[in-house]
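Please look over the protein below and keep its sequence and its 3D view side by side while you read the briefing.

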Amino acid sequence: MEITPEFDSFIRNFFKQRRKIVIIPHLNPDGDALGATQALFSYYKKQGHRVWVISPDAPQETFHWMPGFNEIIIANQDLEKAKQTFEEAEVLFCLDFGSAARAGILENLITESSQPSINIDHHLDSAHFTTYRLHDVKACSTCELVYRFILYQNGRITPEVATCIYTGILTDTGSFRFRNVTPEVHRIVAELIEKGAQTDLVHNKIYYSNTVEKTRFMGYCLYERLKILPQLHTAYITVPLSLQQDMNYRVGDTQGLVMLTLSLKNINLGIVLVENEELIRMSFRSVGSFAANKLAARFNGGGHYNAAGAKSYSSLEETEKQLLAVLEEYKQELDYEIYDQVVFFV
Ligand SMILES: [Mn+2]
């Protein structure tokens, strides 16, 4: 993590006064984005600043227990309030995204703002779009960087902050199983637990709080729609729109499905294609040496080494066909035994 002298002096001076702070996660914020926003929200609020989190769209209910969740301003539901808050703000934080476009409806407000702005992010394809930037692709999560950022300011990690940061690390590392997990990540987690992170609560709220509908929906997908390509060590599921209508689908119900495809023995790559009104969402997860983001890039997407995504504007059938053709090209790269690779991990 590198902090330039300019950024350093900004941090040291700017927050001496009480400030009005706006914090923004990316569209459809995940555990890392919200962990980061709510950690900083909680941290700065405790120091007496006025703080608002403005999300481009509604965060999933899964995260309702996070500190300040009910105060989040949802820009696509109340754009006027979002605009007013932007005008009042003296500094903007953009967390867990690397280009203003990832803030959806807030894109122009960010690019046209005159206040100093700070981006904290760990994505590979991150651009410099703010005044100051804390960017490290080696960080397992934006939450890891927020943690370092708070310590850099000699800030106090409260149980609330620790719990939020833990959430981001947990979700962005696939529960500590991706390649981005270094010994340092576990050291940080040890410190977070010492500071009061509610690890059992977070696990329960995120992974053990499914609705009955979601559970049945996932069960149906696994029973009826799972396809295995043994030669390619790949398992995938396609979820057509009609199925979602039949089964009372709610946004977020396919989350977790892709990890289930990856839970199979001898499967190194798991994929889920979800059709919605305008496009197909593609999720890729890998275990071991296969780079999921390289595959996502073939569909103009991106992400992390073992977790990536893309969008397709072709039909579901066409996208599946394209995917199968592209996968053939990676046949050799996909052909490994995860156990043989373990010792070679760097
Ligand atoms: Mn992240």
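A residue is called buried when its relative accessible area is under 20%, exposed when the area is over 50%, and partly exposed in between, using a 1.4 Å probe and protein chains only. This is a predicted model, in which local features need pLDDT of at least 70, side-chain atom pairs count only at pLDDT 80 or more, and totals for chains, interfaces and linings use all residues. Residues are numbered from 1 along each chain as its sequence is written, and side-chain values use heavy atoms, with hydrogens and water left out.

**The manganese site**

- The manganese ion is coordinated by Asp32 (OD), Asp96 (OD), His122 (NE2) and Asp172 (OD), at 2.2 to 2.4 Å, where donors are N, O and S atoms within 2.8 Å of the metal (3.2 Å for Na, K and Ca), and sites may look incomplete since water is not among the atoms.
- Along the sequence, these donor residues follow the spacing D-x63-D-x25-H-x49-D.
- Asp96 counts as buried because its relative accessibility is 2%, and Asp172 is likewise buried, at 11%.

**Asp78**

- Asp78 is found in the loop between strand 3 (73-74) and helix 3 (79-88); helices (H or I, at least four residues) and strands (E, at least two) are DSSP runs, numbered from the N terminus.
- With a relative accessible area of 33%, Asp78 is partly exposed.
- Between Asp78 and Ala162 there are 30 Å in space, C-alpha to C-alpha, and the two are 84 residues apart in sequence.
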